Amino acid sequence: MKRIYSVLVENRAGVLCKVSGLFSRRCFNIDSLAVGETDDPEVSCMTIVSSGNQRTIEQIEKQLNKKLDVIKVKTFDEKDSISRELMLIKVKYNRSTRRDIMEICEIMKADIVDMSNTNMIIQICDMPERIKVMLDMLKSISIVEVARTGTLALPKCVDN
Amino acid sequence: MIGADAMVKCLEKEGVTTVYGYPGVAICPFYNSILDSEVKTILVRTEQNAAHAASGEARVTGNVGVCAVTSGPGATNLITGIATAFADSIPMVCITGQVKSELIGSDVFQEADITGAVESFVKYSYLVKNAEDIPRIFKEAFYIANSGRKGPVLIDVPIDIQNAAIKNFKYPEEVNIRAYKPTIKGHIVQIKKVIKELEKAKRPIICAGGGVHLSDAVPELRAFAHKYRIPVVSTMMGIGVMPTEDPMYFGMVGNNGKAYANRAMNESDLMIMVGARVADRAISQPDLITTNKILVHIDVDPAEIGKNVGPSIPLVGDAKHIFDDFAKEEFTCEHEEWIAALEGYRNTMIQKRNPNPEYVDPAAFITMLSHEMKEDAVYVADVGQNQIWSCNYHIVKKGRFLTSGGMGTMGYSIPAAMGVKSGDMSKQVIAVCGDGSFQMSMMELATIMQHHIPVKIIVMKNNYLGMVREFQHYTYKDNYSVVDIKDGTPNLEKLAAAYDIPFIRVENMSHAQEKIREFLAEDNTMLMECLVDPMDLVK
């Protein structure tokens, strides 16, 4: 079972280590982890995607809440959230592959953000499963290197 | 005023009377400042025991135990003591010296990343970066250690911060940590639910853990159990929640506990588990205890509820407050047949031992010792066969029973007993260990003598690491591996003489009682050696 945790933490040195250490110490999975400052510079938001059975999922939330640097834990399913991931992919191209790459970019709504005579960098920001599709498509051409943010997510807007 | 003065001042403000520790260069400013204070220092012989001593003191006084050691090896030596306290939720503040701030990270002499190393064994840790933060950090550390689910907090102070000037020392009145608000009061809806189930229950039972001692809920729990005649069993850490001979007490549960206690737990239709984490040694198959009963789980730590077993009624809060709230409700609870059945089990399911008359029978000896001790004495059991015999045969009256339950740290008893005695000199304190565990902390005999801390020490000598030998007896068909300590164990009589400690040897049960009386006659340090059959078993 997949679960997304949106964890507000004190923006202090060592907190990332404490949180990630908690996962490794208790053998919880981390499928993805992304961290960034929030509108309050003293607070960071960690978006953690994890998976496990019902008991594990509850324990992750409780153990996170137990950490003194953790201010608030929100947890939700993928279907109740908007999730996005940003990926930068550097690919090698030549005359014969250039068109294909550009077509893939067009279909996948990705942008070419840098280019040389042999390489180009493609940027895509999309749902995690579409990022995977993009990666698979380009694998057959020629990937030089890849950088990904990991999943960012917020619960969907609901009117009360 | 410098940082080190501020650290000492903080300890004074918190009412700390004793610091256990071992100095080194990186903590020298602190140890220099403490000379001008009323706070007493006790120099242990290895840092691990500073933590155990602080733990012993904390457990009987209810105050936060404090230890202070140097950087690098001093700090890393402390880790086992910190982990031991963490496993048993003992409130402690551990102060470590650290190398100069600007050198942190460059692997200089006696540098260790102690906050990183203890992360999974502390409730919280601080690396002080600014001397002006010292008052706030100490205030928070003491509050965190002794509130909610208690535990050790570590403060790592670089030497330059200890030496830095502080302009204004102001000890905060209050603590405000936005991410830390422990739930103390139990939810009234849940409390009412429990009462409703109790009214229906035919076979209710309370299983009390160490959390009942930690929240000081012993009188409330006893009153509740007596008023509604609810039988009580305990975990190892819960021993002493009820006096052993209380008619409502039915022994320690678990694979080393009483058969009748386990039977009582298994047959109950409603179990109130309070301040216990359902660990494997107490309850080997957690799923089974939920199949035929309503399980109420009371704990101040929400993460404990549902971790090892899914309760029917979770109840988060401090045990003392919750039993206070129970006392405010009026209800009826009838189950005399159940009590009669349990009394029957208690009278008939008695473990038969066949003691070898040539040696001391640990079971008979410990019971005899219990009756000779002062009623409010503190009994500190070490880890091993001595611990299991102590759990099963020591009769708690008005005193306390302490041991390292969660971590099972050998060598705990002597330093912890030392801490207990120094925390309350009026108490009779007896440490019971094996010849293995004794040798893990026998260096503390020096501390005991140097600081005049009269502790009674009993060594159950069987020339083996008995608990492991017993495991190898059952599991490896007597193929003993690395458990024989006969040849290296020192002559304890000569060892005691070397420290000027009076010594008594008990070879068998024939004169045991007189020897126990002689051992306990005065409030002085004494070492007693009991010769136990090397082949004796706890089961």
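Student: What makes residues 2-76 and 83-155 of chain A domain 1 and domain 2?

Tutor: The division of chain A into domain 1 (2-76) and domain 2 (83-155) rests on bounds from an automatic or database domain assignment. The C-alpha centres of domain 1 and domain 2 of chain A lie 28 Å apart. This is a predicted model, in which local features need pLDDT of at least 70 and side-chain atom pairs count only at pLDDT 80 or more, while totals for chains, interfaces and linings use all residues. Residues are numbered from 1 along each chain as its sequence is written, with chains lettered from A and ligands numbered from 1 in the order in which they are written.

Student: Which residues of domain 1 and domain 2 of chain A does the contact take, and how many?

Tutor: Nine residues come from domain 1 of chain A and eight from domain 2 of chain A, contact requiring C-beta atoms, placed from the backbone, within 7 Å. On the domain 1 side, five are nonpolar, three polar and one charged; nonpolar covers Ala, Val, Leu, Ile, Met, Phe, Trp, Tyr, Cys and Pro, charged covers Asp, Glu, Lys and Arg, and polar the others, Gly among them.

Student: What is Val380(B) in contact with, leaving aside its neighbours within four places in sequence?

Tutor: Its partners include Gly56(B), Leu402(B), Ala416(B) and Ile430(B). By the 7 Å criterion, these pairs therefore count as contacts.

Student: How many residues does the contact take from chain B and from chain A?

Tutor: Chain B gives 12 residues and chain A gives 14 residues. The chain B side that touches chain A divides into seven nonpolar, two polar and three charged residues.

Note on methods. Two residues are in contact if their C-beta atoms, placed from the backbone, lie within 7 Å.
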